[in-house]
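The paragraphs below go from a single residue to its helix, then to a neighbouring helix and the core.

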Amino acid sequence: MSSSQTVLPLYDVKANLFKGLAHPLRIRILELLSAAPEVSVAELQAETGLANPHLSQHLAVLRHHRLVVSQRRASHVYYRLADPRTADLLAVARALLLGILEADGALLDDARALPDVAGSDG
């Protein structure tokens, strides 16, 4: 078996991890969970503004991808990150994106400083 065939499953696992992250509201949920040891579904609903069925769907995806775990206590369900390194991943992604936006902003400033181009509309 070639080395590319042996590492392919790891790429599949990584891709599935990113599929779990591939929605802005799921990122928001994970960020909320990163800020506290655990958060109730009611708190998540209040913070995200999602209707219960939609929040449940997003939480199900996050559970499926093993990004969060839940615990029922009485009539309340609480969520927490399955692995605290998820918070690190989110922090690195934010720093990366801020760097990209900063670079894009510098490029945009450079583009705005270019001389005007005469066109048919101006």
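Isoleucine 29 is buried, its relative accessible area being 0% (buried is under 20% relative accessible area, exposed over 50%, partly exposed in between, with a 1.4 Å probe and protein chains only). The model is a predicted one, in which local features need pLDDT of at least 70 and side-chain atom pairs count only at pLDDT 80 or more, while totals for chains, interfaces and linings use all residues. Residues are numbered from 1 along each chain as its sequence is written, and side-chain values use heavy atoms, with hydrogens and water left out.

Isoleucine 29 belongs to helix α2 (helices are DSSP runs of H or I with at least four residues, strands runs of E with at least two, numbered from the N terminus). Not counting residues up to four places away in sequence, isoleucine 29 touches Leu44, Thr48, Leu55, His58, Leu59 and Leu62 (contact means heavy atoms within 4.5 Å). Histidine 58 lies 29 residues from isoleucine 29 in sequence, with 8.6 Å from C-alpha to C-alpha.

An α-helix has 3.6 residues a turn, so residues three or four places apart point the same way. Just after α3, glycine 49 has a positive phi of about 75°.

Helices α3 and α4 pack at about 110°, with axes 10 Å apart (axes are lines fitted to C-alpha atoms, for helices over the stretch in contact, and angles run from 0 to 180 degrees between N-to-C directions). That angle makes α3 roughly perpendicular to α4, a term for 65 to 115 degrees. Val41, Leu44, Gln45 and Thr48 of α3 meet Asn52, Leu55 and Leu59 of α4.

The largest nonpolar core has 18 residues, of which Leu30, Leu33, Leu44, Leu59 and Tyr79 touch the most other members (such a core is a set of buried Ala, Val, Leu, Ile, Met, Phe, Trp, Tyr and Cys residues joined through side-chain atoms within 4.5 Å). The largest share of this core, 4 residues, comes from α2.

Key. Angles under 35 degrees count as roughly parallel, over 145 as roughly antiparallel, 65 to 115 as roughly perpendicular and the rest as oblique.
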